[in-house]
Amino acid sequence: MLTPLTIAVAAAAVLLGVWCAVAALRNQSAKDWHYAAMAVVTLLTVVQLVVGVVMLAGGDRPAGDSTAVFVSYLVSVTACVPVVGMVALGERSRWGPATVAAGAFLLAILELRLHDVWGGGVG
């Protein structure tokens, strides 16, 4: 897996999480700029999904016998931010951005795990 792309997705997710956590602490709902940032993070995860599928189609495989786990993580990271974004649309209080923050931090953790699964790190 491309490490720079994984780092970029994780860093963008952490930044989104911090920004939304600050909004939640200020008792604000999610604003249009938050949704724009969610779209950017989602676009990065879609690029990562495409790169992962292309690498698998080209014959590259994750370490060990973990192709199914790798694919499930790819799908999960791609769905994470859109799901919490839809929740934030329905929750127009401070809990909307709080949900996005939690999902963004979860995405950063999933990125670390995705990197481990591909490279044979801690399993």
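Here are a few exercises, with worked solutions, on a predicted model.

**Exercise 1. Work out which residues L107 is in contact with, leaving aside neighbours within four places in sequence.**

Pick L107, one of the residues that touch the most other core members. Now skip its neighbours within four places in sequence and list what's left: V9, A13, V41, T45, V77, C80 and V81. Two of the names there, V41 and V81, also turn up among the core residues that touch the most other members.

**Exercise 2. Describe how α1 and α4 are arranged.**

Two packed helices are described by the angle between their axes and the distance between the axes. Take the distance first: the axes of α1 and α4 come within 7 Å. Then the angle: they cross at roughly 160°. Angles over 145 degrees count as roughly antiparallel, so α1 and α4 are roughly antiparallel to each other. As for handedness, α1 passes α4 in a left-handed crossing. Sort the residues in this contact by class and you get 18 nonpolar, 4 polar and 1 charged.

**Exercise 3. Decide whether T45, T42 and V22 are buried, partly exposed or exposed.**

You'll need the cut-offs: buried is under 20% relative accessible area, exposed is over 50%, and partly exposed is in between.

- T45 sits in helix α2. Its relative accessibility is 1%, so T45 counts as buried. Leaving aside neighbours within four places in sequence, T45 is in contact with V9, V77, T78 and L107.
- T42 is also found in α2. With 17% relative accessibility, T42 counts as buried too. Not counting residues up to four places away in sequence, T42 touches V81 and P82.
- V22 belongs to helix α1. Its relative accessible area is 35%, so V22 is partly exposed.

**Exercise 4. Find how far the C-alpha atom of V22 is from that of A36.**

First count along the chain: V22 and A36 are 14 residues apart.

Key:
Residues numbered from 1 in each chain as written. Predicted model: local features only at pLDDT ≥ 70, side-chain atom pairs only at ≥ 80, totals over all residues. Heavy atoms only, no water. Core = buried A, V, L, I, M, F, W, Y, C linked by side-chain atoms within 4.5 Å. Buried < 20%, exposed > 50% of the residue type's maximum accessible area, 1.4 Å probe, protein only. Contact = heavy atoms within 4.5 Å. Axes fitted to C-alpha atoms, helices over the stretch in contact; angles between N-to-C directions. Helix = DSSP H or I, 4+ residues; strand = E, 2+ residues; numbered from the N terminus. Parallel < 35°, antiparallel > 145°, perpendicular 65-115°, else oblique. Left-handed = near helix turned anticlockwise from the far one by under 90°. Nonpolar A, V, L, I, M, F, W, Y, C, P; charged D, E, K, R; others polar.
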